[in-house]
Amino acid sequence: MSVPSVLPRRMFVPSHTTRGCLGALACCVPVSSALASVSITARPASETIQVHAAATVPPPAEYLPSPSPVGQPIRPSATAYRHPSGHRYDWGVFNRDNAEDSGFGAVGLYSVARWAEDWSFLRNATKHDDPFDVLKYVPITGNGQVWVSFSGETRVRNWFENRPLMGSAHVTDSGRFAVRNLYGADVHVGTHVRLYGELVNADAGGWAAYGYGSTYRKHLDAQQAFVEVKGQVAGAKAGFLFGRQAFLDMPSYVLYYRMSSSVPLAWNGFRTYAVWPRVRVDAWDFVGTDITPRGMFHDTQDYGTRLYGVATTWAPPDFTFAGQTGYSFLDLFYLGTKVDGALSAVSTPAFTVQSGSATRNNFGGRWHGIAGPIEFSTGGIWQGGSFRATGPNSPARPIDAWSVNATVGYRIPRDRFHSFIAMQADVFSGGDARRNTIGTYVQPFNPQLPYVDSSLTVSESNMIDIGPELRMTFYRSLSVQARYPVYWRYSTQAPVSRPGSQYAFQYVGRFIGSAPQATLTWTIDPHLSWAQTLARFMTSSALTRAGGSSGTYYMSSLSLRF
């Protein structure tokens with residue numbers, strides 16, 4: 001059923017049940033037929049494409065979309081995020097789904113990279129309908145051509161874990177607590193120049209805590225600070241960004257924003273982009289940010305860490321499938337990474353860690369889209385490059401690794417709970433630690449870790465995983481996702497991997513274990529959301545005999561943003 005367009009852009013009316021749950025939260029916060037014929041129809045770039053009848057006002061569950069174009073809580077209409085309902089810049093067809101094909105990450109009412117939001121429509125004071133709107137558009141000059149938009153997020157997370165990291169953290173039960181603040185200012189000078197700055201600080205505590213470092217504890221510092229110049233070039237909407245910035249123009253299972261800890265990932269350098277009606281191109285060259293220095297405003301460039309590459313996305317002509325409009329996107333990219341130290345480490349035959357310097361050249365692609373009730377994403381990457389161990393006269397060892405990723409799901413038509421049933425399967429190559437060629441696939445810069453395991457016990461190296469997924473959304477604001485992935489080692493001559501490192505367990509066989517897991521996300525109102533994840537990682541009998549332990553993981557994340 002469509003919602004009339006006259007509704008406020010952030011209207012959310014809680015039910016009696018929801019009001020009761022709000023009170024509970026106040027107490028708990030502390031703690032088809034067969035395949036139809038397919039026809040392809042080219043459409044003018046300016047044509048509005050309505051994928052299916054849905055609300056023109058974004059549902060609360062989509063105020064901050066998930067970092068995947070497949071399996072969103074609610075499949076929005078093509079117009080759901082246009083002004084004044086949503087805050088995406090006008091990227092045409094690349095605003096479909098969660099808008100990550102625009103190259104700036106998922107964008108809804110809010111976004112992961114806050115500068116990807118467009119609040120210029122609030123120049124019209126009659127559009128103000130939220131108390132925070134006075135901060136979202138603040139004119140600096142009388143004609144409003146120079147204006148600033150303020151943004152902010154405070155996130156509180158707490159964890160309970162039983163035998164975390166298969167027992168290798170050496171604690172039986174652990175309770176951790178972390179808080180982080182991100183506050184930014186987006187200054188627009190006319191229509192062609194923008195300056196963005198963002199501050200971060202974070203702290204952490206708890207009992208029997210483990211794993212804390214500079215990504216959890218941070219004095220006040222500059223998270224982002226860049227200038228953007230943009231305009232029309234050769235018929236494209238083009239721009240050039242220079243400075244410290246977030247970079248999200250990769251599939252989230254390749255590179256993301258370090259969301260699992262408190263201090264996000266930031267890069268220093270330049271990025272340039274051009275967006276035509278159905279093709280876009282992006283190129284970048286960055287060095288990392290060294291967040292280890294203590295003290296306020298001490299972060300510096302990390303010249304031992306580099307990220308560079310080029311990406312393009314093509315939106316083929318729309319088609320019809322099973323009587324519905326369908327569309328897809330084809331991403332092709334080259335991603336180069338260079339890193340020194342622990343993030344470049346490889347395994348020795350004894351499953352110990354050997355540090356050094358690694359260059360990995362990733363050539364990959366992804367095809368994803370919607371065909372009637374079917375939502376799909378499939379991609380692959382080949383990694384070349386070299387590794388050189390720390391020490392004098394160490395020879396270079398070649399890298400030859402790869403990965404394949406696929407998710408295919410079915411959205412039940414006209415279902416009041418927007419039910420989505422899917423299957424996810426991934427293969428991340430693993431090498432033989434006894435060989436000179438390194439065959440283990442690694443992405444060193446914080447891919448979205450819950451993509452393969454919400455308990456953060458295993459990661460995307462030397463692994464085969466497959467499992468079903470079910471997502472349902474209630475009251476348009478309460479989303480539940482349940483998954484049951486099963487894991488194997490790709491190679492028995494390489495260790496089981498974990499985020500940022502590897503395990504030392506040596507055992508016979510490939511089976512690692514399984515991890516039933518569920519995440520509940522409640523968008524309480526446009527500014528407050530609460531997510532909870534519960535998972536049980538169950539190790540195989542062989543891995544248990546080698547010293548591994550099954551464990552339980554619980555995480556609560558409460559976020560306030562404007």
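Tutor: One cut-off before we start. Buried means under 20% relative accessible area, exposed means over 50%, and partly exposed lies in between. By that scale Lys237 is partly exposed, because its relative accessible area is 31%. Keep in mind that this is a predicted model.

Student: How many helices and strands are there in the protein?
Tutor: The protein has three helices and 26 strands.

Student: And what share of the residues is buried?
Tutor: Of the 562 residues, 55% are buried. The protein exposes about 22,800 Å². Carbon and sulfur atoms supply 63% of that area.

Student: Back to Lys237. What does Lys237 form a salt bridge with?
Tutor: Its partner is Asp90. The closest N and O atoms are 3.4 Å apart. Asp90 lies in the loop between strand 1 and helix 2, and Lys237 in strand 7 (residues 236-245), so the bridge ties together parts that are 147 residues apart in sequence.

Student: Is Asp90 buried or exposed?
Tutor: Asp90 counts as exposed, because its relative accessibility is 54%.

Student: How many salt bridges does the structure hold?
Tutor: The structure holds 19. One of them joins the side chains of Glu375 and Arg75, at 3.0 Å from N to O. Glu375 sits in strand 14 (residues 374-389), and Arg75 in the loop between strand 1 and helix 2. That puts the two 300 residues apart.

Student: Are Glu375 and Arg75 buried or exposed?
Tutor: Glu375 and Arg75 are both buried. They also belong to a network of salt bridges with Arg411.

Student: What does Arg176 do with its side chain?
Tutor: The side chain of Arg176 meets that of Glu161 in a salt bridge, 3.0 Å from N to O. Arg176 lies in strand 4 (residues 173-189) and Glu161 in strand 3 (residues 146-162), so this pair ties together parts that are 15 residues apart in sequence. Arg176 is buried, because its relative accessible area is 8%. Glu161 is buried as well, with 4%.

Student: Which ring does Arg176 lie over?
Tutor: Arg176 lies over the face of Tyr210, 4.5 Å from the ring centre. Arg498 is placed over the face of Tyr503, at 5.9 Å from the ring centre.

Student: On to aromatics. How many aromatic pairs does a search of the whole structure find?
Tutor: The search finds 33. Among them is Phe104 with Tyr273, an edge-to-face pair. Their centres are 5.3 Å apart, with 85° between the planes.

Student: Why does that count as edge-to-face?
Tutor: Planes over 60 degrees apart count as edge-to-face. The angle for Phe104 and Tyr273 is 85°, so the pair falls in that class.

Student: Where do Phe104 and Tyr273 lie?
Tutor: Phe104 is in the loop between strand 1 (39-41) and helix 2 (133-136), and Tyr273 is in strand 8 (residues 267-275), so the pair ties together parts that are 169 residues apart in sequence. Phe104 and Tyr273 are both buried.

Student: What about Tyr212 and Tyr216?
Tutor: Tyr212 and Tyr216 form a tilted pair, 5.3 Å centre to centre, with 55° between the planes. Tyr212 is buried, because its relative accessible area is 19%. Tyr216 counts as buried at 10%.

Student: Which residues do ring pairs link into a cluster?
Tutor: Tyr89, Trp91, Phe104, Trp115, Tyr196, Phe226 and Tyr273.

Student: Now the surface. Which residues make the nonpolar patch?
Tutor: Trp276, Val279, Val281, Val310, Trp314, Leu330, Leu332 and Trp367 make a patch of about 660 Å². Strand 9 (279-290), strand 10 (300-314) and strand 12 (324-347) each supply at least two of its residues. Leu330 lies in strand 12. Leu330 is partly exposed, because its relative accessible area is 30%.

Student: Last topic, strand pairing. Which way do strand 20 and strand 23 run?
Tutor: Strand 20 (residues 486-488) and strand 23 (residues 511-514) run antiparallel, joined by three bridges. Val486 stands opposite Ser514 in strand 23.

Student: How many bridges pair strand 23 with strand 25?
Tutor: Two bridges pair strand 23 with strand 25 (residues 528-539), again in the antiparallel sense. The bridge partner of Gly513 in strand 25 is Thr539.

How values were computed: Residues numbered from 1 in each chain as written. Predicted model: local features only at pLDDT ≥ 70, side-chain atom pairs only at ≥ 80, totals over all residues. Heavy atoms only, no water. Phe/Tyr/Trp six-rings, centres within 6.5 Å; stacked < 30°, edge-to-face > 60°. Helix = DSSP H or I, 4+ residues; strand = E, 2+ residues; numbered from the N terminus. Buried < 20%, exposed > 50% of the residue type's maximum accessible area, 1.4 Å probe, protein only. Lys NZ or Arg CZ within 6 Å of the ring centre and 35° of its normal. Patch = residues over 30% accessible without salt bridge, like charges linked within 9 Å, V, L, I, M, F, W, Y side chains within 5 Å. Areas by Shrake-Rupley, 256 points an atom, 1.4 Å probe, with all protein chains shown as cover. Salt bridge = Lys/Arg side-chain N within 4 Å of Asp/Glu carboxyl O. Pairing = 2+ DSSP bridges.
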